[in-house]
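Let's take a look at a ligand and the protein around it. Here is the structure to keep open while you read.

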Amino acid sequence: MKRLVLALDVYERERALEIARETSDYLWAIKVNWPLILGAGLDVIKELKETANVPLIADLKLADIPNTNRLIAGKVFEAGADYVIVHGFTGRDSVNAVKELGEVIIVVEMSHPGAEEFIQPVADGLIKLANDVRPFGVIAPATRPERISYIRSKLRDGIKILTPGVGAQGGSAKKALEAGADYVIVGRSIYESKNPREKARKFHEELMGAI
Ligand code: BMP
């Protein structure tokens, strides 16, 4: 089973497609965020899926009223995204507006230092929201494996934990998995390396060895 998600945060379409081609053997999914969507356009989602033949996560971190979330998510699912990442703090109506259109992943806690200011204190409420809404998965921080364990202990069975913050942000793929994550999201450590395929292979093997 593959557990690695490539965060493809480059601007250029060609570069994105090349890295996707090189690394796809080791990926469960590819995650695109605003940099690539703004740099290459929404059509890059279909091109990546054709190139890599893996699920595509659109990390838009939607955080708007239900109608606007719905308008944005509709375009992104139509473009071929399999999952859309949404913020939970806007409330269940905003999250459900996206879930009515396709699979969602809810941000429960973030990986950067500033996440301790506002998001971490409300994580319990966001976990409860996730347990009620039953998304495909939630985002939890690999930079704080103890928080992954905590979130796993409160989360309803079957909801996946996807965790960014490995490598460039200091987190460990193996520790994140041991703490209870299902999928590990890695960006710069792979796409900025001289040999993205080799890096992806190493992460894949580390993840396979961790379970
Ligand atoms: P990197 O491995 O280069 O740090 O990239 C991590 C990716 O995960 C980026 O796309 C970032 O936007 C995303 N991300 C994150 O780093 N922390 C979070 O809490 C939530 C994220 O979506």
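What follows goes from the ligand site to the record's annotations.

This is a predicted model, where local features need pLDDT of at least 70, side-chain atom pairs count only at pLDDT 80 or more, and totals for chains, interfaces and linings use all residues. Residues are numbered from 1 along each chain as its sequence is written, and side-chain values use heavy atoms, with hydrogens and water left out.

**The ligand site**

The ligand has 15 residues around it, and the closest are Asp9, Lys31, Lys61, Ser111 and Arg188 (a residue counts if one of its heavy atoms lies within 4 Å). By type, the shell splits into six nonpolar, four polar and five charged residues. Some polar contacts (pairs of N or O atoms within 3.5 Å) made by side chains are:

| Side chain | Ligand atom | Distance |
|---|---|---|
| Asp59 | oxygen | 3.1 Å |
| Ser111 | nitrogen | 2.7 Å |
| Arg188 | oxygen | 2.7 Å |

On its own the ligand has 480 Å² of accessible area, and the protein covers 91% of that (Shrake-Rupley method, 1.4 Å probe). Strand S2 (29-33) and strand S3 (56-62) are the elements that give two or more residues to the shell (strands are DSSP runs of E, at least two residues).

**What the record says**

UniProt, in an unreviewed entry, lists Asp59, Lys61 and Asp64 under "active site"; such annotations may be inferred rather than shown by experiment. Asp59 is part of strand S3. The unreviewed entry also carries the annotation "domain: Orotidine 5'-phosphate decarboxylase" over residues 3-203. Across residues 3-203 the chain is 43% helix and 19% strand, with the end C-alpha atoms 9 Å apart (helices are DSSP runs of H or I, at least four residues).

Definitions and conventions. A polar contact is a pair of N or O atoms within 3.5 Å; within protein, one must be able to donate a hydrogen and the other to accept it, and residues adjacent in sequence count only if both atoms are side-chain atoms. Ala, Val, Leu, Ile, Met, Phe, Trp, Tyr, Cys and Pro count as nonpolar, Asp, Glu, Lys and Arg as charged, and the others, Gly among them, as polar.
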